[in-house]
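Colleague: I would like a close look at one part of this model, with the cut-offs spelled out as you go.

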Amino acid sequence: MSTLPTIGFIGTGVMGRSMATHLHQAGYRLEVFNRTKAKAQPLLDLGAHWHDSAASVACASDVVVTMLGFPVDVKERYLGSDGIVAHARPGALLIDMTTSSPLLARDIAAAAGARGLSALDAPVSGGDIGAREARLVIMVGGEAAAFERAKPIFSLLGKNIALLGPAGAGQYCKMANQIAVAIGMVSWCEGLAYARRAGLDPLAVHASISGGAAGSWAMTNLAPRALAENFAPGFYVKHILKDIRIAVESAAEMNLDLPGLACAQRLYEKVAALGWEDCGTQALFRLYSP
């Protein structure tokens, strides 16, 4: 009989489904719930066990992992009367891998601690490709003992895994990441739009500059999609906007002015207003199309 803990996985969307698949393939028993059952069906076909609520998953699991959309979803799933904290097994480990609010992460950790549970905020970076290839960057906040318990799970999902500090630290690190990502998206869009307007082949320009000082993960992976007019989501516009808004709010709490982020927010809000919020973040390039 397996000695591995039973893992509850809540949120089986674009990234969560791949992450949960890696855990199943490593031999973990999976208890799953997703708002839309059809998105969990590939996992159910592999042998994961379906539940009709987050509370039911929590009752059946030693470790609960969540990969949700928005802070409001995280708050409801964890702190609601029918939520994870209220129904988790004694001593359970709760791992929220959603990009969410640092202050909410602290609230969850406090509520979990009051019930004798352990909680980590562990947002990730790497998008759909990183999730599929188990190469995510995992940024963790919480107690060291809980982090040690989680490391075997994290090692199946990512390569760059770090405990940054107490509860909320993982989310603060992810906000730093998202600030750089959002501003960087503007940079490659404008560079390639400039090259095209100058009469150059943007694909040739991309090949020339992506390996130099202008290079980035987004330049390498998302610019070719945009140039091919492939705007399918690896990471949704609506989710980068959510992250930008969290970062703006958090920066305001620290009395920090971030004009580059404000520019990225204005542009992505324009993208969403044009009806492209369910596209991938590379849809930003459409603002610069002829």
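Is Asp 278 buried, partly exposed or exposed, and what is its relative accessible area?

Modeller: This is a predicted model, in which local features need pLDDT of at least 70 and side-chain atom pairs count only at pLDDT 80 or more, while totals for chains, interfaces and linings use all residues. Residues are numbered from 1 along each chain as its sequence is written, and side-chain values use heavy atoms, with hydrogens and water left out.

Asp 278 is partly exposed, with a relative accessible area of 44%, where buried means under 20%, exposed over 50% and partly exposed in between, for a 1.4 Å probe and protein chains only. The side chain of Asp 278 meets that of Lys 238 in a salt bridge, at 2.8 Å from N to O; the term requires a side-chain nitrogen of Lys or Arg within 4 Å of a carboxyl oxygen of Asp or Glu. Because Lys 238 lies in helix α13 (residues 237-253) and Asp 278 in the segment after α14 (259-273), the pair ties together parts that are 40 residues apart in sequence; helices here are DSSP runs of H or I with at least four residues, numbered from the N terminus.

Lys 238 is itself partly exposed, with a relative accessible area of 26%, and its charged end also sits over the ring of Tyr 236, 5.0 Å from the ring's centre. For that contact, NZ of Lys or CZ of Arg must be within 6 Å of the ring centre and within 35 degrees of the ring normal. Arg 286 likewise lies over the face of Trp 276, at 4.0 Å from the ring centre.

Methods:
Helices (H or I, at least four residues) and strands (E, at least two) are DSSP runs, numbered from the N terminus.
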